[in-house]
Amino acid sequence: QVQLVESGGGLVQPGGSLRLSCAASGFWFSIYAMGWYRQAPGKQRELVATITGSSTTTYTDSVKGRFTISRDNAKNTVYLQMNSLKPEDTAVYYCANIARDYWGQGTHVTVSS
């Protein structure tokens, strides 16, 4: 059974940091590219960052230099380190197996003073 379980969301002040985690199971994690997406209230879901099985990464322009995606294949986990957070980063964040269209349930991130 495929599972993607996100954790690490919460309320943080502008300029703060959060680290999201996504624990995967039920598929051969190390060979698949993984992605972090987000959906803000009233907006479409957008791709935030991706990482291949060999750890090549991409980022959407708005998070470059602030967010870092990484993975630990031994732990079947993908991470999103988010620094210098802004109110516009407020969203539900989802991890996904891009090729197989597997999705987690999401974790809420709120950036507010």
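Colleague: How many salt bridges does a search of the whole structure find?

Modeller: The search finds four. This is a predicted model: local features need pLDDT of at least 70, side-chain atom pairs count only at pLDDT 80 or more, and totals for chains, interfaces and linings use all residues. Residues are numbered from 1 along each chain as its sequence is written, and side-chain values use heavy atoms, without hydrogens and water.

Colleague: What makes the contact of Glu 46 and Arg 38 a salt bridge?

Modeller: The term requires a side-chain nitrogen of Lys or Arg within 4 Å of a carboxyl oxygen of Asp or Glu. Here N and O are 2.6 Å apart, so the pair counts as a salt bridge.

Colleague: Why is Arg 38 called buried?

Modeller: Buried means under 20% relative accessible area, exposed over 50%, and partly exposed in between (1.4 Å probe, protein chains only). Arg 38 has 6% relative accessibility, so it counts as buried.

Colleague: Why is Glu 46 called partly exposed?

Modeller: Its relative accessible area is 30%.

Colleague: Which other residue forms a salt bridge with Arg 38?

Modeller: Asp 89 does, with the closest N and O atoms 2.9 Å apart. Salt bridges with shared partners join Arg 38, Glu 46, Arg 66 and Asp 89 into one network.

Colleague: Is Asp 61 buried or exposed?

Modeller: Its relative accessibility is 62%, so Asp 61 counts as exposed. Its side chain meets that of Lys 64 in a salt bridge (3.0 Å, N to O).
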